[in-house]
Amino acid sequence: MVLVGIMGAGKSAIGRRLAERLNLPFVDADTEIEAAANMTIPEMFEIHGEAYFRDGERRVITRLLSDGPQVLSTGGGAFMNDETRSRIKADSLSIWLYADFDILMERVRRKANRPLLKSPDPEAVMRALLEERNPVYAQADISVESRDGPHDVVVDAVVSSLHAHLLAAAGNSLHRPQGAADTASAPEPTGK
Ligand code: S3P
């Protein structure tokens, strides 16, 4: 499964704990992109520009998606790429983590490693990104609020949403009209 959402939504922190809970490997796409490029994301933006980073992001996520069952956290812009989004939708289950604006700003202020927010007015940048991206993040299979407080509470919410989503998917396949092709076998909860 793949975590998507804006910077500060908690994709890495929640993803790591979700993976532990589900006994799956945890993979952070940004870390993998940095390893593949042998430089940090701020360096990539500074030396080669955003387009270079986006190209690496698309290629690395394509590779990671073929790695089998895992919890994959993606950077905030990954799901905005049409090709990446289509692959995630086809090969995995997507979870949108969203949070209040003030909570997002408080979280992103703790680290200075996000080139897009290196601006005299990071709040305005964040508002513009949210306006552009939220309708796209909303295309994820599941949406969960990433509240402040213990991470386990958010992980619990993700697990119950996953459960509900998979039960609904199984229910739909049970209600297939007679004679319809049997393409929708029962989903494997940990297999996506
Ligand atoms: C970005 C988000 C970052 C990182 C890069 C660009 C974005 O990841 O991929 O700085 O476009 O929103 P996080 O969402 O993990 O901060």
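Colleague: What should I know about the model and the numbering?

Modeller: It's a predicted model, where local features need pLDDT of at least 70, side-chain atom pairs count only at pLDDT 80 or more, and totals for chains, interfaces and linings use all residues. Residues are numbered from 1 along each chain as its sequence is written.

Colleague: OK, which residues surround the ligand?

Modeller: Met7, Lys11, Asp30, Ile41, Gly75, Gly76, Gly77, Arg114, Pro115 and Leu116. A residue is near a molecule if its C-beta atom, placed from the backbone, lies within 6 Å of it.

Colleague: And how does that shell divide by class?

Modeller: Four nonpolar, three polar and three charged. Here Ala, Val, Leu, Ile, Met, Phe, Trp, Tyr, Cys and Pro count as nonpolar, Asp, Glu, Lys and Arg as charged, and the others, Gly among them, as polar.

Colleague: Take aspartate 30 from that list. Is it buried or exposed?

Modeller: Aspartate 30 counts as buried because it has 20 C-beta neighbours inside 10 Å. The cut-offs are 20 or more other C-beta atoms within 10 Å for buried, 12 or fewer for exposed, and partly exposed in between, with C-beta atoms placed from the backbone.

Colleague: Where does aspartate 30 lie, and what is it in contact with?

Modeller: Aspartate 30 lies in helix α2. Helices are DSSP runs (H or I, at least four residues), as are strands (E, at least two), numbered from the N terminus. Leaving aside neighbours within four places in sequence, aspartate 30 is in contact with Ile41 and Gly75, where contact means C-beta atoms, placed from the backbone, within 7 Å.

Colleague: Switching topic: how do α1 and α8 pack?

Modeller: Helix α1 (residues 11-22) and helix α8 (residues 151-174) pack at about 65 degrees, and their axes are 9 Å apart. Axes are lines fitted to C-alpha atoms, for helices over the stretch in contact, and angles run from 0 to 180 degrees between N-to-C directions.

Colleague: Which residues make the contact?

Modeller: From α1, Ala13, Ile14, Arg17, Leu18 and Arg21; from α8, His151, Asp152, Val154, Val155, Val158 and Val159. By class, that contact has seven nonpolar, one polar and three charged residues.

Colleague: What about the core, which residues touch the most other members?

Modeller: The largest nonpolar core has 35 residues, and Val4, Ile95, Leu97 and Val158 touch the most other members. A nonpolar core is a set of buried Ala, Val, Leu, Ile, Met, Phe, Trp, Tyr and Cys residues joined through C-beta atoms within 7 Å. In soluble globular proteins, nonpolar side chains tend to be buried together.

Colleague: Why does valine 158 count as buried?

Modeller: Because valine 158 has 23 C-beta neighbours inside 10 Å. Beyond four places in sequence, valine 158 is in contact with Ile14, Leu18, Ile95 and Val144.

Colleague: And what does valine 4 touch?

Modeller: Thr74, Ala78, Phe79, Ser94, Trp96, Tyr137 and Ala140, not counting residues up to four places away in sequence.

Colleague: Where are asparagine 23 and asparagine 38 found?

Modeller: Asparagine 23 is in the loop between α1 and β2 (26-28), while asparagine 38 is in the loop between α2 (29-37) and α3. Asparagine 23 counts as exposed because it has 8 C-beta neighbours inside 10 Å. Asparagine 38 is exposed too, with 8 other C-beta atoms within 10 Å.

Colleague: Last one, arginine 133: where is it placed, and what does it touch?

Modeller: Arginine 133 is in helix α7 (residues 122-137) and touches Ile6 and Met80, residues up to four places away not counted. With 17 C-beta neighbours inside 10 Å, arginine 133 counts as partly exposed. Arginine 133 and glycine 5 are 128 residues apart in sequence and 8.4 Å apart in space, C-alpha to C-alpha.

Technical notes
Two residues are in contact if their C-beta atoms, placed from the backbone, lie within 7 Å.
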